[in-house]
Amino acid sequence: MSLASTAHNLVVLASEGAEKHGGNHDSLNPYLTGGAAFFILMLMLWVTTRMNRDR
């Protein structure tokens with residue numbers, strides 16, 4: 001199997017999957033996911049700054 005035929009097969013497979021499902025899961029809320037990610041990142045930043053007391 002050559003690289004070109006493998007790439008073509010992967011593109012066909014990816015395009016078929018996107019047509020059937022639309023790429024999003026019904027239970028995922030983008031605002032909730034983004035808000036949770038932002039909260040976790042801010043919590044990690046706060047923990048990092050609390051532990052770095054040498055400055």
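This note goes through the predicted model shown above, from the whole chain down to single residues.

1. Basis. Residues are numbered from 1 along each chain as its sequence is written, and side-chain values use heavy atoms, with hydrogens and water left out. As the model is predicted, local features need pLDDT of at least 70 and side-chain atom pairs count only at pLDDT 80 or more, whereas totals for chains, interfaces and linings use all residues.

2. Whole chain. The chain has two helices and zero strands, where helices (H or I, at least four residues) and strands (E, at least two) are DSSP runs numbered from the N terminus. Of its 55 residues, 0% count as buried, a term that means under 20% relative accessible area, with exposed over 50% and partly exposed in between (1.4 Å probe, protein chains only).

3. Helix α2. The 22 residues of α2 should span 32 Å at 1.5 Å a residue, and the end C-alpha atoms are 32 Å apart, which agrees; the expected span is 1.5 Å times one less than the number of residues.

4. The N-terminal end of α2. Asn 29 caps this end, with a side-chain oxygen 3.2 Å from the backbone nitrogen of Tyr 31. The backbone oxygen of Asn 29 also lies 2.9 Å from a polar atom of the side chain of Thr 33. Thr 33 is itself found in α2 and counts as partly exposed, at 46% relative accessibility.

5. Leu 43. This residue has its place in helix α2, residues 30–51, and is partly exposed because its relative accessible area is 42%.

Methods. Polar contact = N/O pair within 3.5 Å; in protein donor to acceptor, adjacent residues only side chain to side chain.
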